[in-house]
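This briefing walks through selected features of one protein chain, grouped by topic. Please keep the sequence and the structure in view while reading, and look up each residue as it is named.

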Amino acid sequence: MPALVINYARVSGHHSIMSQENKANMLLHITEFFCKVQFNSVSPKLDLSPVLDTMASLSFFLLLSAQFKTIVPWGNVQLYRFSTSSVSFGNFVRNPFRYLWEEKPASSMVTDQSHCALLCVSEPKCYSFNMVVYPDSKGLHLCELLSSDKYRATERLQANFSYHHYSPWSPCESAPCMNGGVCVPEYESNSYHCDCLLGFCGTDCEQGGGRTCSQIKLCNLPDGSYIIDPDGEGGVKPFKVYCDMTDKNGVGVTVVSHDSERRTLVDGFNGKGTYSRNFEYDKTDLVQLASLTSLSANCEQFIKYECYHAKLFFNGGMNSWWVSRGGEKMTYWGGVDSVDYKCACGLTNSCADLSDGCNCDKNDENWREDSGLLTDKSKLPVTQLRFGDTGKAGDTDEKGYHTLGKLKCYGLKHNLQ
């Protein structure tokens with residue numbers, strides 16, 4: 001519980017400062033002041049007792065303009081400044097032995113916290129204040145007016161044995177903003193709104209997320225580069241990806257690039273798997289990528305091999321293969337999931353030689369191709385490609401070209417939606 005709540009009101013040069021237990025008396029006092037000054041000038045015979053009783057019990061503040069028309073409720077107001085500066089109100093909560101490091105519009109020497117509160121509500125740029133706990137030899141305290149408050153600058157509120165900090169009370173006290181969102185008080189309505197981190201949305205930043213592009217898509221954000229953190233706070237460093245928000249029916253596709261996406265020649269490697277190409281994925285590691293695939297409903301990676309008199313699997317001969325993220329030697333190609341020694345054409349019986357599982361296994365002097373998507377997300381991404389049979393066969397120069405696409409993951413597991 002806060003040690004002290006200061007309710008302060010400034011009314012056209014008339015100041016009233018009371019502790020929380022005297023709030024009702026303050027309301028009555030200010031209401032009487034206004035009604036006597038304003039109403040007596042119009043109707044000296046008007047009996048105000050019922051009005052005053054009702055006003056005090058409902059915690060309402062009656063403010064009469066020059067036309068005696070404006071009524072402003074103030075029971076829930078925490079910091080209010082009337083547009084013509086004739087009325088101000090502040091309800092400050094003390095945070096003992098805390099200091100907020102914020103910009104200071106002004107500083108003054110004051111006799112007590114009430115005077116410091118007076119200066120704050122009188123200064124349009126002030127939203128909270130620090131005050132030295134112990135007076136100097138003259139009985140004065142340093143009062144620092146601040147341009148922000150503890151809710152918007154939480155990380156800058158620090159322990160300090162020489163100061164107390166005072167901020168207006170707010171629903172932000174309960175820290176309603178989730179996922180790193182900043183709670184911004186709306187003092188006049190005793191409400192708040194959340195400034196959400198990129199990728200989050202909702203009243204309390206409860207929707208979306210920064211772990212995959214499909215989570216980010218929940219907030220209807222556009223295509224672009226985003227920082228994601230699949231393994232969550234406290235794990236491996238977050239990394240940058242491209243989010244394609246239109247592909248796959250607009251579900252939000254996480255696109256991860258690697259260092260060797262260009263079509264690459266394989267030539268002069270005759271022994272099985274003697275050609276080797278490792279792949280590094282942009283500014284991240286396999287821990288994050290494993291988390292990404294686990295969070296996503298689907299993942300895929302395009303792979304292609306163009307061959308000239310160069311065998312691929314050759315019905316188990318295994319001249320070439322790819323390596324999974326777990327280091328496994330994989331025995332199938334793109335377009336196939338877990339069917340050994342097969343490429344896409346082998347599943348549809350459409351290979352160049354129907355007795356083979358891949359087009360390249362025909363091993364003739366024609367350029368052929370085997371390609372397709374790898375979709376077993378527990379094996380992705382590809383970390384290495386190995387090729388052989390690209391040496392000399394008599395007068396024939398055997399060769400090939402490999403192409404490996406970006407890792408793409410999309411959709412959310414049911415418990416993340």
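Predicted model: local features only at pLDDT ≥ 70, side-chain atom pairs only at ≥ 80, totals over all residues.

Strands S22 and S29 run antiparallel to each other and are paired over 11 bridges.

**Strand S29 and its partners**

- Strand S29 covers residues 399-412, and because 11 of its 14 residues are buried, the strand is largely enclosed by the rest of the structure.
- Strand S19, made of residues 253-256, is joined to S29 by four bridges in an antiparallel arrangement, and here Val-253 stands opposite Tyr-410 of S29.
- Strand S20, made of residues 264-267, also pairs with S29 in the antiparallel sense over four bridges, with Thr-264 standing opposite His-402.
- As a general point to keep in mind when looking at such strands, side chains in a regular strand alternate between the two faces of the sheet.

**An open sheet of four strands**

- In what order do the four strands of the open sheet follow one another? The order is S21-S26-S23-S24, and the pairing is antiparallel.
- Strand S21 (275-278) and strand S24 (329-330) are the edge strands of this sheet, since each of them pairs on one side only.
- S23 and S26 are paired antiparallel over three bridges, and Val-323 has Gln-384 of S26 as its bridge partner.

**Salt bridges**

- The side chains of Glu-102 and Arg-156 form a salt bridge with an N to O distance of 2.4 Å. Glu-102 lies in the loop between strand S7 (98-100) and strand S8 (106-110), while Arg-156 lies in the loop between strand S10 (141-146) and strand S11 (157-159), so the pair ties together parts that are 54 residues apart in sequence.
- Glu-102 has a relative accessible area of 15% and is buried, whereas Arg-156, at 39% relative accessibility, counts as partly exposed.
- Asp-149 and Arg-152 meet through their side chains in a salt bridge at 2.5 Å, N to O. Asp-149 counts as buried, because its relative accessibility is 0%, whereas Arg-152 is partly exposed, with a relative accessible area of 30%.
- The side chains of Asp-389 and Lys-311 are joined by a salt bridge at 3.2 Å, N to O. This pair links distant parts of the chain, 78 residues apart: Asp-389 is in the loop between strand S26 (384-387) and strand S27 (392-393), and Lys-311 is in the loop between strand S22 (296-308) and strand S23 (321-323).
- Are Asp-389 and Lys-311 buried or exposed? Asp-389 is buried, and so is Lys-311.

**The surroundings of Asn-95**

- Asn-95 is located in strand S6, which spans residues 87-95, and this residue counts as buried because its relative accessibility is 13%, under the 20% cut-off.
- The side chain of Asn-95 reaches the backbone oxygen of Val-93 at 3.3 Å, and this side chain also makes a polar contact of 2.7 Å with the side chain of Lys-150.
- Leaving aside residues up to four places away in sequence, Asn-95 touches Lys-150, His-164, His-165 and Ser-167.

**Backbone features to look up**

- Most residues other than glycine have a negative phi, and most peptide bonds are trans, so the exceptions deserve a look.
- Asn-249, which is not a glycine, has a positive phi near 60 degrees. This residue is placed in helix H5, residues 247-250, and Asn-249 is exposed, with a relative accessible area of 84%.
- Tyr-341 is likewise not a glycine and has a positive phi of about 60 degrees. Tyr-341 lies in the loop between S24 and helix H7 (344-347), and at 31% relative accessibility it counts as partly exposed.
- Which two residues are joined by a cis peptide bond? The bond lies between Leu-380 and Pro-381, with omega at about 5 degrees, and Pro-381 is in the loop between strand S25 (367-374) and S26.

Terms used. Residues numbered from 1 in each chain as written. Heavy atoms only, no water. Helix = DSSP H or I, 4+ residues; strand = E, 2+ residues; numbered from the N terminus. Buried < 20%, exposed > 50% of the residue type's maximum accessible area, 1.4 Å probe, protein only. Polar contact = N/O pair within 3.5 Å; in protein donor to acceptor, adjacent residues only side chain to side chain. Contact = heavy atoms within 4.5 Å. Salt bridge = Lys/Arg side-chain N within 4 Å of Asp/Glu carboxyl O. Pairing = 2+ DSSP bridges.
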